[in-house]
Amino acid sequence: MSIKHSLLALLHEGPMYGAQLRGEFEARTGGTWPLNVGQVYTTLSRLERDGLVAGAGAPDDEGRIAYELTDAGRAELDAWWSVPVGREQTPRNELAIKLALAVTLPGVDVQQIVQTQRTATMTHLRDLTRLKRTADGEDLAWELVLESLVFADEAEIRWLDHVEARIARLDPSQAKASRTAHVASAGSAGVREAVTRR
Amino acid sequence: MSTTTHPALLLDGVERTHGTGPTAVHALRGVSLAVEPGELVAVMGPSGSGKSTLLNVAGALDAPTGGRVLIDGQELSALGRKQLDRLRRRTMGFVFQDLNLIPSLTALENVSLPLELDGVALRTARAAARAALDKVRIPELADRFPEQLSGGQQQRAAIARALVGDRSLVLADEPTGALDSTTGEAVLRTLRQQCDDGAAGLLVTHESRHAAWADRVIFLRDGVVVDSTGDAATPESLLDRVV
């Protein structure tokens with residue numbers, strides 16, 4: 001998550017100090033990704049060092065310094081809006097790793113792992129949907145964040161269904177054989193490595 | 001709606017076997033499930049897991065080969081055919097993927113029809129139908145024919161028909177199957193609202209985002225409940241209140 005660019009985006013509305021930035025960020029994302037104020041001030045210091053923000057006047061009565069965008073900061077923000085979010089840094093997916101290991105190791109009840117995860121994800125999806133039921137359509141930013149989480153849960157459950165179906169079709173000897181094949185043809189695994197191991 | 005304290009629907013160790021001997025197919029194997037008034041329960045599972053059989057048994061469209069099914073506290077196996085038909089007409093409503101609205105009848109007439117067939121006076125039936133259309137928020141469409149309604153509006157009319165009168169149990173089989181996601185969500189919202197207002201609902205779906213509207217989701221595999229979300233009371237503890 002880019003805290004740096006999120007802060008630049010918020011400062012586009014006008015000067016703010018750290019606690020205000022933190023409050024605005026959490027309000028607009030429904031508190032889904034909490035920030036601590038220390039993260040905010042550390043990021044502001046880096047942005048100031050890089051010339052993307054600058055202090056906006058003297059500290060207020062409580063000693064808080066508001067920051068504002070510089071021209072370079074505005075340019076950086078414009079660039080952020082115009083480029084897609086990168087996929088080159090594929091985050092580690094613990095569930096995918098867990099199942100990849102489970103299907104290649106003897107004695108692991110993969111079906112049970114799949115069902116346990118499905119129930120947990122379904123419970124989370126139900127809870128998100130309950131939250132959604134309370135939404136009144138007036139907080140678009142929060143609802144979009146919520147829906148992004150709903151889609152992510154839905155995708156995970158669909159993938160788990162797919163895993164279960166693949167396992168149901170699998171010849172018992174195949175899992176091990178496929179692992180052997182990947183090891184034996186390391187050259188052909190180049191694309192896979194490029195996608196998953198950065 | 002029911003004012004009693006027992007579950008709207010209770011399945012206790014339900015079995016459904018098709019055929020006999022080595023070729024027998026065990027569609028349901030000891031399924032226990034309770035749905036309380038005001039509760040929506042979703043059933044998920046792969047094809048062939050027994051979802052539709054479960055719905056048919058719960059709706060008295062199919063008889064179990066073992067175990068008990070109780071609707072509103074009444075054990076189905078103790079009822080004669082006429083009593084069963086009456087229970088099905090007066091207590092339960094069905095919503096299917098294929099809407100089954102009668103094309104030559106208006107929305108109001110479609111919703112009113114089950115009551116009229118049950119001998120309710122026309123004026124009373126039509127008033128109940130208007131109230132049901134009001135509940136699903138399409139009162140202004142009462143005089144339109146199905147072909148003049150969108151898919152979502154038709155499905156809302158089907159839910160109104162399922163709940164018209166005092167019927168307190170809705171059984172829905174993939175009710176959003178033919179609809180786009182936004183319309184499907186609106187239909188789920190309607191079904192959810194009916195349950196919030198006191199109806200009990202059993203929803204079979206393969207869409208997790210639709211099942212997520214339920215209070216509880218049960219997972220069926222090979223005729224067995226393999227897992228469930230939430231902390232629903234066990235059928236055993238509920239049975240104590242019924243019998």
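In this predicted model, helix H6 of chain B is made of 16 residues. From its first C-alpha to its last, H6(B) reaches 22 Å, close to the 22 Å expected at 1.5 Å a residue. Let us follow this helix first and then move on to the neighbouring chain.

**Along helix H6 of chain B**
- Helix H6 of chain B covers residues 181-196.
- Several of its residues are buried, among them B:Gly184, B:Val187, B:Leu188 and B:Leu191.
- The buried set of H6(B) also includes B:Glu185, B:Arg192 and B:Cys195.
- After H6(B) comes B:Gly198, which has a positive phi, near 125 degrees.

**Where chain B meets chain A**
- On the chain B side, 22 residues are in contact with 17 residues of chain A.
- The two chains bury about 1700 Å² between them, and 51% of that lies on carbon and sulfur atoms.

**Pairs across the interface**
- The rule finds five salt bridges between chain B and chain A.
- B:Asp215 forms a salt bridge with A:Arg130, with the closest N and O atoms 3.6 Å apart.

**What chain B brings to the interface**
- Helix H6, helix H7 (208-211), strand S9 (216-221) and strand S10 (224-228) of chain B each supply at least two residues of the side that touches chain A.
- That side of chain B divides into eight nonpolar, four polar and 10 charged residues.

Note on methods. Residues are numbered from 1 along each chain as its sequence is written. Chains are lettered from A and ligands numbered from 1 in the order in which they are written. This is a predicted model: local features need pLDDT of at least 70, side-chain atom pairs count only at pLDDT 80 or more; totals for chains, interfaces and linings use all residues. Side-chain values use heavy atoms; hydrogens and water are left out. Contact means heavy atoms within 4.5 Å. Buried area is the accessible area (1.4 Å probe) that two parts lose on being put together, summed over both. A salt bridge is a side-chain nitrogen of Lys or Arg within 4 Å of a carboxyl oxygen of Asp or Glu. Helices (H or I, at least four residues) and strands (E, at least two) are DSSP runs, numbered from the N terminus. Ala, Val, Leu, Ile, Met, Phe, Trp, Tyr, Cys and Pro count as nonpolar, Asp, Glu, Lys and Arg as charged, and the others, Gly among them, as polar. The expected span of a helix is 1.5 Å times one less than its number of residues. Buried means under 20% relative accessible area, exposed over 50%, partly exposed in between (1.4 Å probe, protein chains only).
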